[in-house]
Amino acid sequence: MNRYILSIFMLFTAISFGQHRKDWGKIKSLKVAYITEKLSLDSKEAQEFWPIYNEYEEKRHALIRKEHSQIKDKLESSDDLSEEESKKLLTLKISIEEDEEELDKAFLIKVSKVTSAKKALLLLKAEEDFKRDLIKQYRQNRGGK
């Protein structure tokens with residue numbers, strides 16, 4: 001759950017400070033290199049791992065966009081929501097969270113089959129470390145300007 005909150009935070013931070021598409025490409029390249037190194041993926045593992053990871057990332061971002069477009073935007077005017085509308089949004093939120101959980105489970109199972117259980121766990125740590133380092137770097141760069 002924290003991973004999604006952090007991902008959303010990073011997305012909005014980048015958008016609000018005028019990041020360009022090329023910056024996202026650069027971040028993605030850095031992330032690929034970082035994860036490949038942290039997991040010590042050999043070429044065979046990398047060849048099997050990255051398509052699974054990229055598909056997972058696409059699906060995860062689609063769920064984030066769905067949540068934002070169908071729930072977050074409506075919460076801006078939450079004072080105007082009826083109880084019935086609120087119940088529907090809450091049900092949708094729960095459904096999206098369940099979809100995220102299922103996506104995470106399926107992803108970790110797939111990854112552990114093409115790499116190992118240990119590398120699947122290392123991936124979780126590597127993602128968190130990368131995000132933490134990215135935010136730290138962003139704060140340093142922002143403070144220095």
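# Exercises on a predicted helical chain

By the criterion of a Lys or Arg side-chain nitrogen within 4 Å of an Asp or Glu carboxyl oxygen, the structure holds eleven salt bridges. The model is predicted: local features need pLDDT of at least 70 and side-chain atom pairs count only at pLDDT 80 or more, whereas totals for chains, interfaces and linings use all residues. Residues are numbered from 1 along each chain as its sequence is written, and side-chain values use heavy atoms, with hydrogens and water left out.

## Exercise 1: Overall architecture

Task: Determine how many helices and strands the protein chain has, and what share of its residues is buried.

Solution. 
1. Elements are DSSP runs numbered from the N terminus, with helices (H or I) of at least four residues and strands (E) of at least two.
2. The protein chain contains five helices and zero strands, in the order α-α-α-α-α from the N terminus on.
3. Burial is judged by relative accessible area (1.4 Å probe, protein chains only): buried is under 20%, exposed is over 50%, and partly exposed lies in between.
4. Buried residues account for 31% of the 145 residues in the protein chain.
5. A contact requires heavy atoms within 4.5 Å. Of the contacts between residues at least 6 apart in sequence, 76% join residues at least 24 apart.

## Exercise 2: Salt bridges within helices

Solution. 
1. E57 is buried at 8% relative accessibility, and R60 is buried at 1%.
2. K93 is partly exposed at 22%, as is E97 at 30%.
3. K125 is partly exposed at 49%, whereas D129 is buried at 13%.
4. K93 and E97 also belong to a salt-bridge network with E67 and K72.

## Exercise 3: The nonpolar core

Task: Identify which residues have the most contacts inside the largest nonpolar core.

Solution. 
1. A nonpolar core is a set of buried Ala, Val, Leu, Ile, Met, Phe, Trp, Tyr and Cys residues joined through side-chain atoms within 4.5 Å.
2. The largest such core has 23 residues, and I35, F49 and L123 have the most contacts inside it.
3. Two or more residues come from each of α2 (21-39), α3, α4 and α5; α3 gives the most, with eight residues.
4. In soluble globular proteins, nonpolar side chains tend to be buried together.
5. Leaving aside residues up to four places away in sequence, F49 touches I35, L39, L41, V111, V114, T115 and L123.

## Exercise 4: T115

Task: State where T115 lies and whether T115 is buried or exposed.

Solution. 
1. T115 is located in the loop between α4 and α5, and is buried with a relative accessible area of 15%.
2. A polar atom of the T115 side chain lies 2.8 Å from the backbone oxygen of V111.
3. Beyond residues up to four places away in sequence, T115 touches L41, E45, F49 and A120.

Terms used:
A polar contact is a pair of N or O atoms within 3.5 Å; within protein, one must be able to donate a hydrogen and the other to accept it, and residues adjacent in sequence count only if both atoms are side-chain atoms.
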